[in-house]
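The sequence and the structure come first.

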Amino acid sequence: MKLDVDVLRYLSKDDFRVLTSVEMGMRNHEIVPVELIGRIACLKHGGTYKVLKNLLKHKLVHHDSSKYDGFRLTYLGYDFLAIKTLVNRGVFASIGRQIGVGKESDIYEVATEDGTILAMKLHRLGRVSFRAVKAKRDYLQHRSSYNWLYLSRLAALKEFAFMKALEENGFPVPNAVDCNRHCVIMGLVQGYSLVQVKEIQNPDIVFETIIGLVVRLAEVGLIHCDFNEFNIMIDDDEKVTMIDFPQMVSVNHRNAEMYFDRDVECIYKFFRRRFNLDEDENERPTFASMIKPIDSLDKQLAASGFTKKDNEAIEKFIEGEMNEEINSDDEGCLPNDENDANVNNLDSLHLEDEEDNEDTPIEPGTEDPESKEDEEDDEDSPSEADTEDPELLKRLNKQRRHAIKAAQGGTKKAVFSRNSYKDKGHKKSQSSKVLKKQMADW
């Protein structure tokens with residue numbers, strides 16, 4: 001999606017207030033109802049509908065009326081929320097040209113008030129090209145629903161955390177400046193991607209430097225997992241800088257050895273093909289020969305904002321260990337301290353099934369209040385039936401069970417429609433009247 005920032009200067013406070021309201025509503029809704037957006041935004045005289053119409057015209061929100069009238073954020077609307085917050089903080093003042101595009105992100109030039117050029121990376125998980133990679137990585141396996149905006153935020157937070165920790169430990173990485181939602185601001189690397197370089201003066205030295213970075217990362221307890229010519233920058237002085245960190249894992253990962261060997265093989269294969277460099281295979285570093293790290297980067301990562309809770313959440317997404325219970329209200333909602341000052345303590349985006357927003361089904365092990373009352377009524381019923389004919393008593397008990405089942409709605413799966421709440425209330429009232437009438441006859 002093209003980032004057209006010209007629209008940004010014409011958006012009012014009410015526009016950003018409604019955008020933020022949609023973001024808050026997406027915590028529990030895939031499509032946020034218009035009524036809920038209006039209650040959160042609290043605009044006077046029904047101004048929410050006018051603002052939503054303007055946002056829809058600029059493709060900042062998407063309208064969906066298949067089940068009910070509602071909206072959801074687009075990536076462009078999420079971009080504007082992140083950019084607005086970073087501009088208000090004074091991180092940068094202007095946006096320039098696009099300098100890079102990948103399967104999961106877009107990179108733009110930004111400038112501060114004093115003219116310093118920085119790089120802005122916008123994570124865009126969910127593209128068609130990245131969905132293929134997602135399938136290869138077992139991404140979101142055993143999960144029926146997901147929110148790409150939420151995953152993009154997790155990826156940006158993880159990359160910013162790793163970048164800052166590696167910079168503090170002397171690794172050649174871009175300078176981590178700031179992070180908000182799915183947007184990461186970093187220093188601009190003056191160089192070229194290694195895949196674009198056709199000739200270098202000292203290929204042996206560059207090769208040893210790159211392999212040394214792989215070994216150094218393992219010695220501090222990390223594996224890059226995507227260390228190839230596309231994620232290595234080199235300048236005119238042949239100084240190497242590594243980029244792209246969302247997929248990094250620990251050396252204690254169950255597939256750590258495979259990832260380490262794959263990174264090493266990618267470097268060997270590229271230098272052999274591009275620069276005809278033949279290295280001794282006996283000197284190739286192996287995962288078994290690595291020294292186990294004494295001090296890992298866990299403390300630095302926690303200090304930079306990526307906590308253990310965040311790490312567990314994104315690891316579950318990557319490894320496909322997320323179970324169906326993630327759709328509950330209490331799981332997966334990470335606090336977003338980076339939001340606009342107009343909204344405090346805004347939870348991160350989290351998707352739940354639409355059924356959770358209407359009538360919640362009764363979980364096993366819990367009692368339905370109506371069934372409990374019906375059982376009490378059965379206990380308080382006259383004991384005259386004990387003296388009646390057993391066949392009559394059997395038929396009466398069978399009728400009671402059918403009446404109770406009808407009152408509870410049976411085992412039928414609820415069909416949700418635009419006016420489902422009205423239908424459910426009507427059916428419930430009718431079944432209650434039938435039950436009371438039958439109990440009165442008995």
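In this predicted model, the axes of helix 1 (residues 13–25) and helix 4 (residues 75–89) come within 10 Å, crossing at roughly 115°. The crossing of helix 1 and helix 4 is left-handed. On the side of helix 1, the contact is made by Phe-16, Leu-19, Thr-20 and Glu-23; these meet Gly-77, Tyr-78, Phe-80, Leu-81 and Lys-84 in helix 4. By class, the residues in the contact of helix 1 with helix 4 are five nonpolar, two polar and two charged.

The protein chain as a whole has 13 helices and 15 strands. Its length is 442 residues, of which 45% count as buried. Among contacts in the protein chain with a separation of 6 or more, 67% are between residues 24 or more positions apart.

**Aromatic residues**

With ring centres required to lie within 6.5 Å, the count of aromatic pairs comes to six. Phe-271 has a relative accessibility of 1% and counts as buried. Phe-275 is also buried, at a relative accessible area of 14%, because the cut-off for buried is under 20%.

Phe-271 and Phe-275 belong to one aromatic cluster together with Phe-207, Tyr-268 and Phe-270. Tyr-268, a member of that cluster, also has Arg-284 over its face. An arginine over a ring face occurs at Phe-171 too, where the residue is Arg-216. The table lists both arrangements.

| Arginine | Ring | Distance from the ring centre |
|---|---|---|
| Arg-216 | Phe-171 | 4.2 Å |
| Arg-284 | Tyr-268 | 4.2 Å |

**His-123**

His-123 is placed in strand 6 (residues 117–123). What is the relative accessible area of His-123? The value is 0%, so His-123 is buried. Not counting residues up to four places away in sequence, His-123 touches Tyr-75, Glu-104, Ser-105, Ser-152, Ala-155, Ala-156, Glu-159, His-182, Val-184 and Pro-246. Tyr-75 in that list lies within the residue range of helix 4 (residues 75–89).

Note on methods. Residues are numbered from 1 along each chain as its sequence is written. This is a predicted model: local features need pLDDT of at least 70, side-chain atom pairs count only at pLDDT 80 or more; totals for chains, interfaces and linings use all residues. Side-chain values use heavy atoms; hydrogens and water are left out. Rings of Phe, Tyr and Trp (its six-membered ring) pair if their centres lie within 6.5 Å; planes under 30 degrees apart count as stacked, over 60 as edge-to-face and the rest as tilted. Buried means under 20% relative accessible area, exposed over 50%, partly exposed in between (1.4 Å probe, protein chains only). A charge sits over a ring if NZ of Lys or CZ of Arg is within 6 Å of the ring centre and within 35 degrees of the ring normal. Axes are lines fitted to C-alpha atoms, for helices over the stretch in contact, and angles run from 0 to 180 degrees between N-to-C directions. Helices (H or I, at least four residues) and strands (E, at least two) are DSSP runs, numbered from the N terminus. A crossing is left-handed if the near helix is turned anticlockwise from the far one by less than a right angle, and right-handed if clockwise. Contact means heavy atoms within 4.5 Å. Ala, Val, Leu, Ile, Met, Phe, Trp, Tyr, Cys and Pro count as nonpolar, Asp, Glu, Lys and Arg as charged, and the others, Gly among them, as polar.
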